[in-house]
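Reader: I am new to this structure and would like a close look at a single part of it. Please go through that part slowly and then show how the surroundings look.

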Amino acid sequence: MANTLRISGLASGMDIDKIVSDLMKAERMPLDKLKQKKQLLEWQRDDYRAMNTLLQGLDDYLFSNITLQSSMFKKTVSSSNESVVTATAGSSAANVAAAIQVNQVATSAVWLSDATKRVDATKRGDKASFSVDADVTLTINVTNGDGTTKQAAITVKQGTTLDGLIAQLNSNLDLGVSAFYDEQTGRVSIMKKDTGAQASLVLADQATVDFFAQLGFTNTVAGQELTGKTAGKDADITINGLRTTRSSNTFTINGVTYTVKGTGTATVSVATDADAMFNAIKGFVDKYNEVIAKINAELKEERYRDYPPLTDEQKEAMTEKQIELWEEKARSGMLRGDSILSSALSQMRMNVYTKVEGANIPSGFSQLAQIGITTSSNYLDGGKLIIDETKLREKIKENPDAVYQLFNQDGATDAEKGIARRLRDTIKATIGKIEQKAGKTIWTNQQFAIGRDLIEINDQIDRFEDRLKQIEDRYYRQFTAMEEAIQRANQQSMYLMNAFGGGMQG
């Protein structure tokens, strides 16, 4: 029992604790084996998960840089006269050259208060300053430059200053204006933030008309346009001979977004950014080579069976550097020859090498070799891809759509799918198999194979530790019994010596 009374060799002169400790070392050896087995499983689990992280990184790259058209089909746009027009293009824009003539730049509508009706923010001489004597709600029917309409309702509180009112007008999103007060002239300017000929501000009721009259906008009638208006204008442009108008100076036609800057002529050219596609593909090749190199290294890594995991007692007798060097060998080769990774590597090579079939391929490319990407002739490279950069750039310029389809064509069968789609399917399947074996950080041990083995080993360790406590207690009981027997014998010996010694003296 754990609370057994322990006597430490007072009678025998023996170091009982040392003897029991040495005896327990032999008893504890099977427990050390279990703990070592547990450590190996944990290392194997961690190495599997590291492989999944590696594969997920390749999958993320494929999706973000190869599958997404916005990454592969970036466009370069140039304007012969950026003071007239500039442009940007989305990935879906066609490669075009557009002759642009800007006849009129779009402008914003502006309303100015009456020059004869000065407004003062503070009192000037005997003239009263602007004031809000009672709460009022301003209701304004707004038409934007493009013809869309909204109604703006603005509640102005009693005591609001002129600066406070200007701030309210500017912050109202439905109104969409930029207003300011000029102290020098005593006038108020209100300008629509957007451009276009259809812009208008209509005061909806008499209370709103009366309020704006205090701001110098006189002679406005409820239900009609605010007075003092200079109408906005639409942009008037001619594109490749076709004259058209737009309410804004920025507009999009066929995936190209133009921004008009001034009147005049310019040519806007849109072309595929061959460097962007080249860099995306080169990045894929580099990432692919990194992944297969690391998987190959794991599959071939030496397993040092003479270097089992260290026990706690062994670590206590070693320096940190010695522990580091030992464990480097002890955890080597955890995935040597692993069937999941071997199968994945073979399938990834097939994904890359096999010809892409399907409807979109006859007019394009069906194999990586056709665009300058081949396999290393050195078998030690394990299937590493090599790029002929000159050829790849040529093929991208020649037919960028076909290059994209080689990687991303969809199909009912694996043979009909593009290389990136095949690889992503293989990666997904491999990650799933590894997770069934080694789980992931958010899973419990019960959810994957190695985890269930760890549960079993932990149970064995707990049972064995209970057994060791019982064995240790048994040893101490035995030595305690021996000590007590020796003590009784010593007492009897002393008694006899005293008895016989006393008789001789008599």
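Reader: In which crossing does α5 pass α8, left-handed or right-handed?

Author: This is a predicted model. In the model, α5 passes α8 in a left-handed crossing. Two packed helices are described by the angle between their axes and the distance between the axes. Here helix α5 covers residues 274-300 and helix α8 covers residues 339-353; their axes cross at roughly 150 degrees and come within 10 Å. Angles over 145 degrees count as roughly antiparallel, and α5 and α8 are therefore roughly antiparallel to each other.

From α5, the contact uses Tyr288, Val291, Ile292, Ile295, Asn296 and Leu299. From α8, Leu341, Ser342, Leu345, Met348, Arg349 and Val352 take part. By type, the residues of this contact divide into 9 nonpolar, 2 polar and 1 charged. An α-helix has 3.6 residues a turn, so residues three or four places apart point the same way.

Next come the surroundings, beginning with a strand. Strand β15 spans residues 264-272, and threonine 272 is found in it. With 16% relative accessibility, threonine 272 counts as buried, because the limit for buried is under 20%. The side chain of threonine 272 is joined to that of asparagine 95 by a polar contact of 3.1 Å. Leaving aside residues up to four places away in sequence, threonine 272 touches Lys74, Lys75, Thr76, Asn95 and Pro400.

The buried residues of α10 are Pro400, Ala402, Val403, Tyr404, Leu406, Phe407 and Asn408.

Alanine 87 sits in strand β2, residues 85-89, and is buried at a relative accessible area of 17%. Between the C-alpha atoms of alanine 87 and threonine 257 there are 5.4 Å, although 170 residues separate the two along the chain. Not counting residues up to four places away in sequence, alanine 87 touches Val77, Val256, Thr257, Tyr258 and Val268.

Valine 132 is in a loop, the one between β4 (110-112) and β5 (136-143). Valine 132 is buried too, with a relative accessible area of 7%. Its C-alpha atom is 31 Å from that of threonine 148, 16 residues apart along the chain. Beyond residues up to four places away in sequence, valine 132 touches Val156, Lys157, Gln158, Gly159, Thr160 and Phe211.

Technical notes
Residues numbered from 1 in each chain as written. Predicted model: local features only at pLDDT ≥ 70, side-chain atom pairs only at ≥ 80, totals over all residues. Heavy atoms only, no water. Axes fitted to C-alpha atoms, helices over the stretch in contact; angles between N-to-C directions. Helix = DSSP H or I, 4+ residues; strand = E, 2+ residues; numbered from the N terminus. Parallel < 35°, antiparallel > 145°, perpendicular 65-115°, else oblique. Left-handed = near helix turned anticlockwise from the far one by under 90°. Contact = heavy atoms within 4.5 Å. Nonpolar A, V, L, I, M, F, W, Y, C, P; charged D, E, K, R; others polar. Buried < 20%, exposed > 50% of the residue type's maximum accessible area, 1.4 Å probe, protein only. Polar contact = N/O pair within 3.5 Å; in protein donor to acceptor, adjacent residues only side chain to side chain.
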